[in-house]
Amino acid sequence: MFLNIKILKNKLFLFTIVILLFSFFNLNNKSSGEISSSAYDFSFTDIDGKNFPLSQFKGKPLLVFNSASKCGFTSQYSGIQKIHENYKNKGLVVIGVPSDNFNQEPGSEEDIKKFCMVNFNISFDLTKKNNVVGSETHPFFKWLDDNYDARPKWNFYKFVINKDGKLENHFSSQVLPSSKKLISLLDEVIK
């Protein structure tokens, strides 16, 4: 019996060492800046219910933002539409991701699309409603948070993805689509 307890303790000790080593190397890889994937690895469903893989834009920069129709920042749709018009022929892809995480997008996809067309005449891509924070966060936004510590804290957070599919920078709701720092970055990532 004494021998069995000693063997059990040795196995438990070895198991603990293996778990600690695994945890150390796993954390070490993440903290060294290693990014597990690119933005192009993710897929959405578009506002019309069709598959919308970001892989179709591989090699192109993206401007992805979370939106809501009943938000004080909703007027930013106009500025983002201008960005789309000015940069679409230069390769920039603009994608709006409606979300009700902040309780300001109560409508259906049909309501959202109609609202955006009637009020802002948008022509950039929209996805269906998605969670951008919380326990059911869309994988794209989880990836941003896990790899870059970047997450929307309100509606109209803007995420600029470079041609390699990595986050170049992100901007809060207070940063207008016409701001110099956003426009300068877009000019940089389209080169």
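**Exercise 1.** What span should the 12 residues of H2 have at 1.5 Å a residue, and how far apart are its end C-alpha atoms?

*Solution.* The model is predicted. The expected span is 1.5 Å times one less than the number of residues. For the 12 residues of H2 this gives 16 Å.

**Exercise 2.** Find which residues of H2 are buried, and state where they lie around the axis.

*Solution.* Buried means under 20% relative accessible area. In H2 this holds for Gln76, Tyr77, Ile80, Gln81, Ile83, His84 and Tyr87. These residues cover an arc of only 155° around the axis, so they sit on the same side of H2. Lys82 and Asn86 are exposed and belong to the face of H2 turned away from that buried side. The partners against which the buried residues pack include strand E3 (62-67), strand E4 (93-98) and H3.

**Exercise 3.** Describe how H2 and H3 are placed, and which residues meet.

*Solution.* Helix H2 covers residues 76-87 and helix H3 residues 109-120; their axes come within 10 Å and cross at roughly 80°. Angles of 65 to 115 degrees count as roughly perpendicular, and H2 is therefore roughly perpendicular to H3. On the H2 side, Tyr77, Ser78 and Gln81 make the contact; on the H3 side, Phe115, Cys116 and Phe120 do. Sorted by type, the residues of this contact are 4 nonpolar, 2 polar and no charged.

**Exercise 4.** Is Pro139 buried, exposed or partly exposed?

*Solution.* Pro139 lies in helix H4 (residues 139-148). Its relative accessible area is 46%, so Pro139 is partly exposed.

Conventions: Residues are numbered from 1 along each chain as its sequence is written. This is a predicted model: local features need pLDDT of at least 70, side-chain atom pairs count only at pLDDT 80 or more; totals for chains, interfaces and linings use all residues. Side-chain values use heavy atoms; hydrogens and water are left out. Axes are lines fitted to C-alpha atoms, for helices over the stretch in contact, and angles run from 0 to 180 degrees between N-to-C directions. Helices (H or I, at least four residues) and strands (E, at least two) are DSSP runs, numbered from the N terminus. Angles under 35 degrees count as roughly parallel, over 145 as roughly antiparallel, 65 to 115 as roughly perpendicular and the rest as oblique. Contact means heavy atoms within 4.5 Å. Ala, Val, Leu, Ile, Met, Phe, Trp, Tyr, Cys and Pro count as nonpolar, Asp, Glu, Lys and Arg as charged, and the others, Gly among them, as polar. Buried means under 20% relative accessible area, exposed over 50%, partly exposed in between (1.4 Å probe, protein chains only). The arc is that of the directions from the helix axis to the C-beta atoms.
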